[in-house]
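This report describes selected features of one structure in plain terms. Please look over the sequence and the model before reading on.

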Amino acid sequence: PAYYSTVSPGEKKYLSLLAACSFLFAGCSDFLDMNPNGILDEESVSGVEQLDKLVISAYSMLGNDHYDIPFNLWPYGNVRSDDAYKGGRDESDIQDFHFYETSSNITANFGEPDGLWYNCYIAISRANNALRSLNNVSEQDFPNKKIRIGECRFIRGHFYFLLKVLFKSIPYIDETVAIEDYGTISNIALSNDELWQKIADDFKAAYDNLPESQGTDVGRANKYSAAAYLAKTYLYKAYRQDEKHNVTEINAEDLKQVLTFSNEVMSSDYGLEDDFAYNFLPGSYENGKESLFAIQHSTDDGTLYGRLNFSDALNVPMKFSGSCDFQKPSQNLVNAYKTVNGLPEFSDYNKADYNANTDKVDPRLYHTVALPGVPYKYDKKNIFDESWTRNKAVYGLYSSLKENVALNDPSSVLIDPFRANTKNKIVIRYADVVLMAAEAYNEINDTPKAWELLNDVRARAHATEINSSNYASLMKAPKVYDLPFISDGDEAGKFRTALYWERAFETAYEGQRKFDLIRWGVLGDALRAAQTYIEGWEEGANLFKDVDKNGKPTKLEEGESPAVWDPVVWATQNYVAGHNFVDGKHELLPIPLAEIQSNAQLNGENNPGYE
């Protein structure tokens, strides 16, 4: 596609060994032997004035993804969890995503993770190229040397983090490895713990070298961006697991590191937005006080389409021209937002589906899911309804909100036949750090402090409905969120339950759900629990032989909700992967076959369960 950056000469050599899309190179040797115009690497840099351009080249990879190879990981973090359905025309529309969603027919030769591996390693190679040149210049000649090194280590750590949560065992290559040796690096040369530490080391170097603020250069990482990502890396590292991803230890030393760096962030000028919605709106709301690091998007910048958010170009409901209606909120997610006395229903939330006329809900539902009868992105001129849904018989009636913008918003850009927007994509935000700290405090036996932090996030959710009357008034019969503060006298196990739910509400549709469930060792359990509910629900539906013209039963058991028997919902609920999920296999993606074939150090082996 025209909006991809051209591969540099150094990357060309690298990709011949590590790129997953090796088919692109067949029959193209003459082209690859040419030096493309306008591309910088360490071989073509002349003078320190060019060093910043190498760093910018590494930054540019943050936006060099594609609608079916998204860096925000929505097909893997959201659709492969209990939060979302694939969406689109039907099951065959990007069929590989359907196979991921249902944990079925997954093979190592799928193109999408192939391309994701490829793009991540291009980004890593660009960071390495810049670091090699930066290491060879004096601070006297280049005063920003340490800052730029910190930025490159941050970028490299970010892309290694993505690869790590997707594939687990990956080749770790830094700037000390010669390009010609890239194909000699094994993906199991480092243990799981050692690999996490390498990623942590990148973020620690960034933390040590970066300033507290980059001034008007809001797209550059700073000390607090690095501290937040460092806390996140140590939190993932803390959860030691066996081969089936059962948690065997939560390491106390790693948790101390989580607290060290999350407290660094929480003592800064960053904080929770007054309104939850401000994190997901374009224009003046971008780069707000909760945005610790965000990918900067733009248009009319001299490129073909602009630096748009291509990650979410498919996830726009059908009311818009150039829309595909992928990433559809699951009924399970919507039901989870229901509250009783201000708290989640926990074990009972799926006994009846959400009813807008009677149910009280956590207000974050209105900012995460497009609901029938409610203005889309607060626009009273555009009320979301069934006609906005591309295939309600398969994927239900809801659409996603966080990544999208209003129908006529100037940040929305048609890239026929698709549609993208220029709204920044937050990679890590303050609320995430607060919940990470709460998790760590609980696991080191300071549960009262954990409750305090968790309730800070809950209080902001409450304030979102109270303070944003201009938003709440647009919603169809919004229900008050009572928000009783959970007692700090509960034991650690009860806090874990509360935390699991709070992270689900706060970070839904931000590409994290599956990876949270894996970290806690409960992904299979969560999917099977949803599937058990569905199968029991459908078995009960078969008892009703008399239905009306709409296919609904003419009578119900006492207290039973008609929504439970909606045949549209029956269809969508089938797309939960619980009945196919295999513990110890489906937590990870298979390593791309092309990579195994091109790197002899992988010994022809794949992740467990994959050939």
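Ile415 stands opposite Phe418, a residue of strand S14. Helices (H or I, at least four residues) and strands (E, at least two) are DSSP runs, numbered from the N terminus. Strand S13 (residues 412–415) and strand S14 (residues 418–421) run antiparallel and are joined by four bridges; two strands pair if DSSP finds at least two bridges between them. S13 and S14 make a hairpin, with two residues between them.

The model is predicted, so local features need pLDDT of at least 70 and side-chain atom pairs count only at pLDDT 80 or more, while totals for chains, interfaces and linings use all residues. Residues are numbered from 1 along each chain as its sequence is written, and side-chain values use heavy atoms, with hydrogens and water left out.

**Helix H5**

Helix H5 (residues 95–102) is largely enclosed by the rest of the structure, because seven of its eight residues are buried. Buried means under 20% relative accessible area, exposed over 50%, and partly exposed in between (1.4 Å probe, protein chains only). The buried residues of H5 are Asp96, Phe97, His98, Phe99, Tyr100, Glu101 and Thr102. Their cover includes helix H4 (74–78), strand S1 (84–87), helix H6 (111–135) and helix H13 (392–395). After H5 comes Ser103, with a positive phi near 50°.

**Aromatic rings**

Rings of Phe, Tyr and Trp (its six-membered ring) pair if their centres lie within 6.5 Å; planes under 30 degrees apart count as stacked, over 60 as edge-to-face and the rest as tilted. By this rule there are 36 aromatic pairs. Two edge-to-face pairs are set out below.

| Pair | Centre to centre | Angle between planes |
|---|---|---|
| Tyr207 and Phe261 | 5.2 Å | 80° |
| Tyr349 and Trp501 | 5.1 Å | 90° |

Tyr207 belongs to helix H8 (residues 192–209) and Phe261 to helix H10 (residues 252–266), so their pair ties together parts that are 54 residues apart in sequence. Tyr349 lies in the loop between strand S7 (343–344) and strand S8 (360–361) and Trp501 in helix H17 (residues 492–507), so this pair ties together parts 152 residues apart in sequence. Tyr207 and Phe261 are both buried, and Tyr349 and Trp501 are both buried as well.

Ring pairs also link Trp74, Tyr76, Phe97, Phe99, Tyr100, Phe110 and Phe326 into a cluster.

**Charges over rings**

A charge sits over a ring if NZ of Lys or CZ of Arg is within 6 Å of the ring centre and within 35 degrees of the ring normal. Lys223 lies over the face of Tyr207, 4.3 Å from the ring centre. The charged end of Arg519 is over the ring of Tyr236, at 4.8 Å from its centre.

Notes. Contact = heavy atoms within 4.5 Å.
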